[in-house]
Amino acid sequence: MSTILNQIKQTHPHLYQAFSLLADGEQHLRRIKEVDSYWDKLKQPVKQVVFPGSDLPNDAVITGRYDLIYAGGTLSMLHAVVMAGKYGRKVMIFDRQTPAKTTRDWNISRPELLNLSATGLFTEEEIDSVIVRRYKTGWVEFYKPDGSQKRLFMENVLDCAVNTDKLLGLAKDKVLAVPGSTILAETSFSCCYLFDDHIVVKVEDTNGKAWYYKAKVLVDVMGILSPLAMQLNAGAPQTHVCPTVGTMASGFENADFDTGEILASISPADNSSGKGRQFIWEGFPADGSKYITYLFFYDEADSPNDKSLLSLFDTYFKTLPDYKKLGKDFVVHRPVYGIIPAYCHNGYSRTREIADERIILFGDAASLASPLTFCGFGSMVRNLPHLTADLDRAIDTDDLSKKNLERISAFEPNVASMANLMKFMCYNSATDAPNFVNDLMNEVMIVLDELPERYRQTMFRDEMKIEDLIVVMMRLAWRYPKVLEATWAKLGIQGSYEFLKNLAGWVVSPGR
Ligand SMILES: Cc1cc2nc3c(=O)[nH]c(=O)nc-3n(C[C@H](O)[C@H](O)[C@H](O)COP(=O)(O)OP(=O)(O)OC[C@H]3O[C@@H](n4cnc5c(N)ncnc54)[C@H](O)[C@@H]3O)c2cc1C
């Protein structure tokens, strides 16, 4: 009997039971605990990981020299393939796990995904080969006790299931095909040393041996656990989070393989922890008979709720039959999980730190994506052309200052403004009735249903225009005046002011 699984037998019995049936259950449990270490890290003193070059140990031997070193091997693959393949940059990618393998799966629409073939690095056939299923439609629905909820249908939104590892594997092969590129597995970031004309990155292998590599720029793509993001943002790298767990499984009796269930709330808020959580499900058909289900909730990063993935997974396995009917052939193929990060900016533009001298943060480490429906993968695909071209230009002109690098970002004023809406989805038992989030969101669905389809499509694809958002907000306030009271409870004076600043920044932004 394995030990790490036994440790959770009493505390998380449903998770224990489900993971005991998985060949790699222990391995996933270890990884989940690693992600959950995020919550402790938020409480600990911030660890320094950026040092001046003068601190580099005298006996440090430089093993390799690169234009770019990427710490983290997920979304980095998509960026690095362009930097190496299109711009001829010498790149190195390392990951403490296996590069190009994730613990999640992605949904996106095909036109959005075709941004990757537009880079010239992937053919359209290759892009189509990673789409494992395309749905006819998708819907969003929030629970009403009397069954009167509005099911809002939408097309061309998150309607393609992507085989994540296949896409990243393709990118990895293309990176490695460029002479001089290096990809290292089981290699952890330790710290870095900043010099005027380069940066030295210290990593550790699984035996604890230190290695030093030199680069023009370090790209931090270490996700939510990034120690660089933690240091640059003084220990508060996210304002909000979205803990998410689920499985790719088969054997559901009532899964519709032509439809994506983009957001599906099936109950009022759960009051068993802290200030309460409004759970939301998602259901996405994948290849063959496989079907992906997720359970998640929105929360403040510092709320008193139990936000651990371990507990959420236990709840997931306990309550999954309330969402989908498990047939006798039900089998879990693999778990999927992570903490989706979010940051609400207190300003007219980006206020989060995403760069330092010769250091730039992308993906979840930068936390600039919207957690509402679309997240980091969609953001990277959308912003890839300028995230690569601008960084190449910065290297060319040797302007790798913090000031120049922080201009190269996936910050989008519309996404920043829309992130405020997430605050309404964070349930609080002190101020909210148990069905508060559902009631409010149901009204939003009714308003969107009355408007042309582009409103819902752009809202759920992070492409909304400010004039369209204002129409939605005005109609909502007219239909459901309680939203004004809720704004007071959820945002208060400070939050409303921040929202207004975000909106003002959006109004004056060039690409609004
Ligand atoms: C269940 C789930 C479903 C999702 N579905 C979608 C979706 O449909 N569409 C969408 O757009 N987004 C989706 N997302 C969000 C998306 O997965 C993330 O935004 C994306 O994975 C972020 O990529 P990243 O490379 O920035 O970080 P990560 O994916 O977290 O990768 C970070 C990498 O860094 C490595 N690392 C961490 N610390 C170190 C260290 N010290 N040294 C070396 N390596 C390190 C990790 O091992 C990891 O491989 C989903 C997220 C989850 C959790």
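Modeller: A residue is buried if 20 or more other C-beta atoms lie within 10 Å of its own. The structure discussed here is a predicted model.

Biologist: What percentage of the 512 residues in the protein chain is buried?

Modeller: The count uses the cut-off of 20 or more other C-beta atoms within 10 Å. Applied to the 512 residues of the protein chain, this gives a buried share of 48%.

Biologist: What is the radius of gyration of the protein chain?

Modeller: The C-alpha atoms fill a box of roughly 70 × 60 × 50 Å along the principal axes. For 512 residues, a compact globule would have a radius of gyration near 24 Å, and the value for the protein chain agrees with that: 22 Å.

Biologist: How many helices and strands does the protein chain have?

Modeller: Among contacts between residues at least 6 apart in sequence, 76% join residues at least 24 apart. The secondary structure itself comes to 18 helices and 20 strands.

Biologist: Which strand supplies the largest share of the shell around the ligand?

Modeller: The ligand is surrounded by 37 residues, and Gly72, Gly223, Gly338, Gly363 and Gly376 are the closest. Elements that each supply at least two residues of the shell include strand 10 (188-194), strand 18 (326-342) and helix 11 (376-396). The largest share is four residues, and it comes from strand 18.

Biologist: How many residues of the shell around the ligand are charged?

Modeller: Sorted by class, the shell has 18 nonpolar and 15 polar residues. The charged residues of the shell number four.

Biologist: Is helix 2 roughly parallel or roughly perpendicular to helix 10?

Modeller: Helix 2 (residues 13-20) packs against helix 10 (residues 309-323) at an angle of about 80°, and their axes are 7 Å apart. Angles of 65 to 115 degrees count as roughly perpendicular. Helix 2 is therefore, relative to helix 10, roughly perpendicular.

Biologist: Which residues of helix 2 make the contact with helix 10?

Modeller: By class, this contact has five nonpolar, one polar and two charged residues. On the side of helix 10 are Leu310, Phe313, Asp314, Phe317 and Lys318. Helix 2 contributes His14, Leu15 and Ala18.

Biologist: Is glutamate 353 buried or partly exposed?

Modeller: Glutamate 353 lies in the loop between strand 18 and strand 19 (355-356). A buried residue needs 20 or more other C-beta atoms within 10 Å, and an exposed one has 12 or fewer. Glutamate 353 has 17, so this residue is partly exposed.

Biologist: Which residues does glutamate 353 touch, not counting those up to four places away in sequence?

Modeller: The C-alpha atom of glycine 64, 289 residues apart along the chain, is separated from that of glutamate 353 by 28 Å. The residues that glutamate 353 touches, with that sequence limit, are Leu232 and Asn233.

Key. Residues numbered from 1 in each chain as written. Predicted model: local features only at pLDDT ≥ 70, side-chain atom pairs only at ≥ 80, totals over all residues. Near = placed C-beta within 6 Å. Nonpolar A, V, L, I, M, F, W, Y, C, P; charged D, E, K, R; others polar. Axes fitted to C-alpha atoms, helices over the stretch in contact; angles between N-to-C directions. Parallel < 35°, antiparallel > 145°, perpendicular 65-115°, else oblique. Contact = placed C-beta atoms within 7 Å. Rg over C-alpha atoms; globule rule 2.2 N^0.38 Å.
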